[in-house]
Amino acid sequence: MMHRLPSHAMNKPARGSLLGIEHLEDKEILGLLKLARRMNPLKARPLLRNKRIVLLFYEASTRTRSSFEIAAKSLGAITTLIQSSGSSIEKGESLLDTGYTLRAVGADAIVIRHPAAGAPHLMAQHLDIPVINAGDGMHEHPSQALLDAFTILKHKKSLKGLQIAIIGDIYHSRVTRSNCHLLTRFGAKITLCGPPEFVPDVAATLSPGLRVTRHIEEALRGADVIMLLRLQKERLAGQKIRLQDYIARYQMTSARVKLARRDAIVMHPGPIIRGLELTAEVADGPQSMIIDEVHNGVPTRMAILARALGKAK
Amino acid sequence: MGNDKSKTGSLLIKGGHLIDPAAKINAPMDVLLRDGRVAEIALPNNIRGGADGKFDARGLIVAPGFSDLHVHLREPGQGYKETIATGTAAAAAGGFTSVCIMPNTAPVVDNAEWVAWLRHPERAAVVNVFPIGAATLNSRGAALTDFAALQRAGAVAVTDDGRPILDDEIMRAALRLGAELNLPVVQHAEDTRLTENASMHEGPTSFRLGLRGMSAAAEASIVDRDVTLAQQIRESRLHVAHLSTSDALKAVRRGKRGKARVSCEVTPHHFTLLDQDVGEYNTNFKMNPPLRSAADREAILVALADGTVDAIATDHAPHATHEKQVEFERAAFGITGLETALALAITKLHREHKIPLTRIVELFTAGPARVFDLRSRGSLARGNFADVTIFDPKKRWTFEAGKSRSLSHNTPFDGWQFTGKVVATILSGKIVYRAD
C-alpha cells in the first residue's frame, strides 16, 4: 500500500482534522461542544477500539499531552507518544518524513504539538489521516479554545454578549488566537490587555469584536470572564520585560478581581506562575476555574478524537 | 557568452513593432543584425540586401534584450538548486539576454578568481552573465573586498545580498571606494537587528498566522541611512535591491531629488502579490524582503509608472523541494522568477494598471543597463550588441512550474494564466530561445 503522496502534492487536510478554530465552521464548533458534553471519561464507550493515535510532541506539555492521551485511552484507542528527544527527530528527520513514517507504521490519526506555526498544516497537506493541532508555535491551540468555551458554558448561559478580558502575553499566545476566533464568532466581546510588547495594536485586527487597552481597570470593568496568560519567556527572543513593572500593572490580585462582575470566572490555560501573572489567592479562589479547565480538557479532547476518526455519532 | 565571436552571420527581423525606449523608438521597424551587432534599423521593407536568416516578427514586439539585475544562479557550491547553465536557460526563456548574478554562493564570490570562474565558458551560460562581487569578505559585513580586483575580473557591482551592509562605517567606506571606481554598491536593505526569526511582513496576517514579522521600518531605515550617505559622498552610486516598501521609496525619491546617484529595482512578486497571499503557510510565498501590504504595493505601482523605479529585477532564487517543504519558519527564503517576469509585467502592470508597454520595456532594458553600465546593451542602436527580445503582448498562456527550465520549481505562479509571452530571445545575433 502506498500512502505517500507525490512530494509536490498539496492536498486538503483529511476529514476530521482539526488545524485551527479560524477556518472551522460554526456548526462544527457547536457539534464538538455538544459531543464533549456527552463524553464521560469514567463511563466511556470504546468508540475508538484498536485505533492507533500518535501523540507527536515537539514541545513540552503536561496538560494537553496527558489529556489527549487519557481521552484516547478512555475511548479504547492505542496511543504512542513520540517526543523530539529520543526519536529520529533528534537525528534531523524532517517533519514530513516523520509523518510518512508514522503513517506507515499504521497511525490512524496524529496529534501534533510543534514550536513552528503551521507545522500541523504542512503535515495535513501531505498525509491522508486526520491531523489534530495540539498547539503550533504562536498560531493556534484549538482544543484549548474548545475546552475554554466548554468551561465558560458550564457557568454562563451563552457566549453572546459576554464581556471577556484577556490579560497578559497575547502576542505569543496561541490560546488567545484560538479563543478570539471562537468566542467572538458567537458574539462575545473581548478586551485584550497588556503592555504594547505583549499586546500590539495589530492584535485587534484578528477578529471582529476585539479591542485593546493598556489599563487593567478598563479591561476588568463589567467582565464576565477573566482569562490570564503566562509570560512566555521561552518565546521572548531577546525582548526584555521588567517583571516588577508587569506585576504592578497587570498581576491579577483579589482586589482587581473585584473590579469585574461579581459572578465573573477566572481562567488560565496553564501552566500558571503564582506570584507573576496572578496571586495564589486568585489561583485558588472561589472564582478560579483553572482546575476545571484541565478537567474539561478530557471530554473535549474525547470529542475531538471521536470526530477525527468518524465516530462522532 | 559569445558576444565577441566575430562572425555569426546576419539575421533580419522583419515586420515587427520595435520598442527601444533609449532610442525613443516606438514604431514598426525592421532590424538587421550582423556579426553579433546591430547593423541597421529601418522602416519596414527598407533594408536592402540579403540576410543569412529571417525572423518573421509580424504582430510581435521587438525590444532590446532584457537585463536582470538580480539573479541567484547558485554556483559555486549549490548546483542542486540551480546551475549557471540551467539558470541562464530559464533566463533565455524569460527573454533575458543578460543576468547579473549574486555572490551569496558557497563559497561567497569575494575575490577575482571566483568572478573569472563564473564567466568561464565551461559554465555553459546561454546568455550573458555579469557577476556581482561581494562587498565584504565572506559577506560578513566586517572588511571590504578588493573592489578594483573584482571589477577588473568583470564584476559590475558589489553587494552582500542576502544580508545587509549594516555597519555605518563599512557602508560609508564601500560607497567611497565604489565612487573612486565608478562601481555601484547594491544594498539588501534589511535591519537584521529588527528581523530576527521573522519570516514574513509584519502586519495583521503575520499576527493571525503567529509568525514573527519583518517591519517595513526594517527596510526603510537602512535605505534612508544609505541615501543620506550617498548624498554625502560625491560620485558614489547606491542601488537599492528588491525595494518593497512605501517608506523606502520615499527615501529613494529624496535621494533622486537631491541629485544623488541612487537607483532601485522592484520585483514582479512585489508588484503582484500581498502578504495575505501567504495563505495557510505556503512557503512558495516566502521570500526576503517579504510580500508587503496593499499600501506598499500601491506605492510601488505608482513608482513603477512615474519613473522612480529604475528596473524590474526578478530576485530569481531557486531552492530545492526539501528546502521549501518544511515548516514555514524553517523554509528557505526566495522564489524563482525568470520565466514569469515579463508575463507578470504585461498582465499586471500593462493590462491591469495601464502602464504603457514602452515604460515596461524600459524597465527591462534601458533602465537596468544604465544602473550597472552594461555598455552597448539595453538599446538597439546601430553597433550595439545584437541582443534582442521578441514577445507577443497579447498571447494568453498558462505557466506550469513543472516545465520550467530552472532546476527548481519554487514559484507561487504555478498554474497562473498570463497575457504576454516571450517568443524568441536572440543573443549576439543568434536565437538562443524560441517558443514552441
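The axes themselves are lines fitted to C-alpha atoms, for helices over the stretch in contact, with angles running from 0 to 180 degrees between N-to-C directions. This is a predicted model, in which local features need pLDDT of at least 70 and side-chain atom pairs count only at pLDDT 80 or more, while totals for chains, interfaces and linings use all residues. Residues are numbered from 1 along each chain as its sequence is written, and chains are lettered from A and ligands numbered from 1 in the order in which they are written.

**Helix packing in chain A**

- The axes of helix 3 (residues 95-104) of chain A and helix 4 (residues 119-126) of chain A cross at roughly 50 degrees and come within 10 Å, helices being DSSP runs of H or I with at least four residues, and strands runs of E with at least two, numbered from the N terminus.
- Helix 3 of chain A and helix 4 of chain A are therefore oblique to each other, and their crossing is right-handed (left-handed if the near helix is turned anticlockwise from the far one by less than a right angle, right-handed if clockwise).
- A:Leu95, A:Leu96 and A:Gly99 of helix 3 of chain A make this contact with A:Ala119, A:Leu122, A:Met123 and A:His126 of helix 4 of chain A, where two residues are in contact if their C-beta atoms, placed from the backbone, lie within 7 Å.
- By class, this contact of helix 3 with helix 4 of chain A has five nonpolar, two polar and no charged residues (Ala, Val, Leu, Ile, Met, Phe, Trp, Tyr, Cys and Pro count as nonpolar, Asp, Glu, Lys and Arg as charged, and the others, Gly among them, as polar).
- Helix 1 of chain A and helix 11 of chain A have axes that come within 8 Å and cross at roughly 120 degrees, which makes helix 1 of chain A oblique to helix 11 of chain A.
- The crossing of helix 1 and helix 11 of chain A is right-handed, and the residues that make the contact include A:Leu32 and A:Leu35 of helix 1 and A:Ala303 and A:Ile304 of helix 11.

**Domains**

- Chain A is assigned domain 1 (26-140 + 295-308) and domain 2 (143-290), with bounds that come from an automatic or database domain assignment.
- The C-alpha centres of domain 1 and domain 2 of chain A lie 26 Å apart, and the contact takes 20 residues from domain 1 and 16 residues from domain 2.
- Chain B is divided into domain 1 (10-62 + 385-434) and domain 2 (65-371), whose C-alpha centres lie 25 Å apart.
- In chain B, 29 residues of domain 1 are in contact with 41 residues of domain 2, and strand 20 of chain B gives the most to the side of domain 1 that touches domain 2, with seven residues.

**A hairpin in chain B**

- Strand 4 (residues 30-34) and strand 5 (residues 37-42) of chain B run antiparallel and are joined by five bridges, two strands being paired if DSSP finds at least two bridges between them.
- B:Leu33 stands opposite B:Val38 in strand 5 of chain B, and B:Asp35 takes a positive phi near 50 degrees in this hairpin, which has two residues between the strands.

Technical notes
Parallel < 35°, antiparallel > 145°, perpendicular 65-115°, else oblique.
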